[in-house]
Amino acid sequence: GLTGADKETLSDEALRLADGMEARGEVEKAEVIRKIVSFFNDEMDVREFNAVLLHTDSHEYRLLGKFLIGYHYEKIGFYPEARGYYSMILKESKDGFVRSAALFAGARLKYFEGRFAGAKKLLQRSLAENFPGARIWLANTLLVKGEIDDAWKLYSEGADRALEDFDPVTVLSMGDILVLMRKYDEARSLFKSLRLNYEKDEFIEAFFDLKSGDTFLAEGRLDEALNVFSHARDTYKTGEGWAMSSLSMADVFVMNQDKESLSSAAAIYEQVAQAVLPGSDYAYLGLASVQIRLGKYEDAIKSADVFSSKYTDSRLKPDMYGYKADAVSRMLDSLYASGDHLKAARLFTRYGASIPFGKKADSYLKAGKSFYALDLWPDAVNRLNSAIRIGRDDVVEEAMITLARVYLKQKDTGSAARLLENFMVRFPKSVYKAEVENILFKSAFDRGDYEKVALTKNPPGGPAGLVLKARAFTMLGRHKEALAAYEQAASEL
């Protein structure tokens, strides 16, 4: 029967109720109510209050007390503990207001934890019981889940209530759904009204300024959005409001996509990143992204490295890892294409592990060829073998022929021959077929297989191949055939 609209009034009403009970001789119940009020007003800890509930005979008061403990834990962010108390109430009661309140509170917890499917189910049950607030919170949940039409229907059913009657989460959700329904002017009006309620809190004030700007973005009016964000940035000058509006400005510049706009975005992202404010980690992310689009891959890698050293626990780490991987991959491609094998090899040595698996094989090939160009044979062998193990056929084909060339540089003709024999089985129509046949022919001579060389009807390599065949005949003591081969070679010069 309590009707108070605020904590103080409710407490006074409850204490008067306790006084009345005591006057009627219900001393124990009166004392329990006073203990409940003490806990409600943070004058008693959970351990003491639990002891009070344990010794009371009133089932109803125990349920109410458990609900207040759950709510206490919810307020301080201990959601598992809060959920535990709400669940106990549901198990220990079949009906009543406290049970309905626990059902609704448990549903809201799921919402705050991001468990929207579970929240939807509980809120539908709560709505079926006509619990106050269930309709609007179900609408909030449906909005997050993308069920826009159903959410809008529920919001519309509560549209006759004054704005201040709704909690901030609901009002924000109502603004967002107005944007989704393309009611941009109404959304802007709502966000401006909310802003007036928080004029002493710069962060929240800036937040609603930016929400108004976002409505212009959704409407495709980029210039108006930029004006809103620019005005907010000039207004707040420093701190969180400045950082938020600056990031919004940079995001708009990125949407414009031209080089000048991207450069402006990079400059703003860098300012916010260096300011070390909430949002600075996101600024590093935006900076790296824009630097990649501008072709400044080395700068993007540096931004990623600074981010990693400053924000070891940031939730944005996976996103930044992706940008760094992209920057390293693109920079390796650029250096390889320009023939700067030294820088390509250095880049791969330092950052090769950052390259995503889908691009690993190609990067191994390019790094291997760069090491080959620098006469760094062991490094070349290692990377080319890796490309062969995981690459697509086109990568494997080029990696195998390059690796054979490395083996020949190392005078390891046996390894080259074994590799290329496998190569011809896998790629019988390769564009490198002539080169492979020439290498196999020479390696046969080098390892002393003169019989095989001598039996080659049309030696690869033109006159040089005929000379090698003549030498094989000589090694076999077949001088007449050797002379004929020399004469044929001479005639083809």
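**Note on the predicted model**

1. The accessible surface of the protein comes to about 26200 Å², and 52% of that area belongs to carbon and sulfur atoms. Accessible areas come from the Shrake-Rupley method with a 1.4 Å probe, and for residues only the protein chains shown count as cover. This is a predicted model, in which local features need pLDDT of at least 70 and side-chain atom pairs count only at pLDDT 80 or more, while totals for chains, interfaces and linings use all residues. Residues are numbered from 1 along each chain as its sequence is written, and side-chain values use heavy atoms, with hydrogens and water left out.

2. The protein has 27 helices and zero strands. Both are DSSP runs numbered from the N terminus: helices are H or I of at least four residues, and strands are E of at least two.

3. On overall dimensions, the C-alpha trace spans about 135 × 55 × 40 Å along its principal axes. The radius of gyration is 38 Å, whereas a compact globule of 493 residues would have a value near 23 Å. This radius is taken over C-alpha atoms, and the globule rule is 2.2 Å times the number of residues to the power 0.38.

4. Of the 493 residues, 45% count as buried. Buried means under 20% relative accessible area, exposed means over 50%, and partly exposed lies in between (1.4 Å probe, protein chains only). Among the contacts with a separation of 6 or more, 48% are accounted for by residues 24 or more positions apart; a contact means heavy atoms within 4.5 Å.

5. K369 lies in helix α20 and counts as buried because its relative accessibility is 18%. Leaving aside residues up to four places away in sequence, K369 touches Y336, L384, E398 and T402. The C-alpha atoms of K369 and L403 are separated by 8.7 Å, although these residues are 34 residues apart along the chain.

6. L376 lies in the loop between α20 (357-373) and α21 (377-390). With a relative accessible area of 34%, L376 is partly exposed. Together with L342 and L374, L376 makes a nonpolar surface patch of about 220 Å². Patches are made of residues with over 30% relative accessible area and no salt bridge, joining like charges within 9 Å and nonpolar side chains (Val, Leu, Ile, Met, Phe, Trp, Tyr) within 5 Å. A salt bridge is a side-chain nitrogen of Lys or Arg within 4 Å of a carboxyl oxygen of Asp or Glu.

7. S443 is found in helix α24, residues 433-446. S443 is buried, since its relative accessible area is 1%. Not counting residues up to four places away in sequence, S443 touches T413 and A417.
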